[in-house]
Amino acid sequence: MRLTLRLNGDCVRAFHVALAKRLSRLPGVELAVDARPAPGGVPRSAEALFQLETLIHRLPANGTAKRVSLSTLASHARPSAPADLTIDLVGDVEPQGRRVWRLAYDGVCGEEALLALILAGRTPLVRLEQNGATVAEGRLGTEYHGIALASFQDMLARTASLIVAAVNGAGRSPLPVLPEPSCEASATALPSATKLGVRAAKATARRIVQQIYHLCYNAPHWRVGWRETGGKDLYELRAHPQSGWRDLPDDGSRFYADPFPVLHRGQVTLFVEDYIHRIGKAILSAVAFGPNGPAGTPKPVLELPYHLSYPFVFERDGEM
């Protein structure tokens, strides 16, 4: 099967190289790469965000989003004959009687669409489509919510797996002949760059700036408030008290969240999520309360290699 991979030659990533390598290894596949420059792409400001996240979160510098030279794809020849199948990662290949599988994230083509969805806090649906009909699709999960670069790389890797699995299945059976879309369907199937317009680009740029601000200024920065009560309070009043609150102080390099107070043998101890900005994850800490509030600052009680939160505390056999 002659297979052409269409990608933007102005922005070649390690993802494209790895995908081309995996596709070329499939039995019976003869791969060519169409790497003509294409409009669009991830905003330049995103690269600054990626560099900052790499530094702060100590991410590896050789992930799937790493920019590489176009020459890394030199071993894959340009298309010299009509392809049996074209995988379109850009969204600019017109079918014109050819079999074209177009890749889209929530219905929009291009890696810039994927990044925009990540920055918006969405969990994208990636889909390979032929003539508007679904060839393969999957929901892109990630373990790195809140870190744009790590999420982007994770989802690119999962996208590659979806594409390879779909092509591998097609190689072992006749390629499906899917119906041509109606004029009405084709008009609404995939929003064009023009329809997405300047507003979408501005929204992505705004979210990139917000992410950079959060990284540079330790935001968001949560706080735990405590207050003395007498008589009826939150549960009885069905209202959030507006006064009397005091902050559990922090040193600015961390914040406290998810408070869990425990009364045990006459002593109140407050367990909290203790988020340390420098390492980008939280441990669990606790502080004893006296008549005048917290007796000192929270001290670590549980630290693991991954992020911890919501410190539930249980009693068993008389021990907490």
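Mentor: Let's take the labels one by one and check each against its rule.

Mentor: First, this is a predicted model, where local features need pLDDT of at least 70, side-chain atom pairs count only at pLDDT 80 or more, and totals for chains, interfaces and linings use all residues. Residues are numbered from 1 along each chain as its sequence is written, and side-chain values use heavy atoms, with hydrogens and water left out.

Trainee: What makes W226 and F289 an aromatic pair that is edge-to-face?

Mentor: Rings of Phe, Tyr and Trp (its six-membered ring) pair if their centres lie within 6.5 Å; planes under 30 degrees apart are stacked, over 60 edge-to-face, and the rest tilted. W226 and F289 sit 5.5 Å centre to centre with 90 degrees between the planes, so they pass on both counts. By this rule there are four aromatic pairs.

Trainee: How do you know that W226 and F289 link distant parts of the chain?

Mentor: W226 is in strand β7 (residues 225-226) and F289 in strand β11 (residues 281-290), 63 residues apart. Strands (E, at least two residues) and helices (H or I, at least four) are DSSP runs, numbered from the N terminus. Both W226 and F289 are buried, meaning under 20% relative accessible area, while exposed is over 50% and partly exposed in between (1.4 Å probe, protein chains only).

Trainee: Why is F260 called partly exposed, but F312 exposed?

Mentor: F260 has 23% relative accessibility, so it counts as partly exposed. F312 has 58%, so it counts as exposed.

Trainee: What makes Y310, F312 and F314 a nonpolar patch?

Mentor: Patch members have over 30% relative accessible area and no salt bridge; nonpolar side chains (Val, Leu, Ile, Met, Phe, Trp, Tyr) are joined within 5 Å, like charges within 9 Å. Together these three have about 430 Å² of accessible area on the surface, by the Shrake-Rupley method with a 1.4 Å probe, where for residues only the protein chains shown count as cover. Y310 has 53% relative accessibility, so it is exposed.

Trainee: How do you know that R227 lies over the face of W245?

Mentor: The rule asks for NZ of Lys or CZ of Arg within 6 Å of the ring centre and within 35 degrees of the ring normal. R227 is at 5.5 Å from the ring centre of W245.

Trainee: Why is helix α3 called mostly covered?

Mentor: Eight of the nine residues of α3 (residues 111-119) are buried, including L114, L115 and I118.

Trainee: And what makes R2 and D84 a salt bridge?

Mentor: A side-chain nitrogen of Lys or Arg must be within 4 Å of a carboxyl oxygen of Asp or Glu. For R2 and D84 the closest N and O atoms are 3.9 Å apart, so the pair qualifies. R2 lies in strand β1 (residues 2-6) and D84 in the loop between α2 (44-56) and β3 (85-88), so parts 82 residues apart in sequence are tied together.

Trainee: How many salt bridges does the structure hold?

Mentor: It holds 16. Among them is R122 with D106, at 2.7 Å between the closest N and O atoms.
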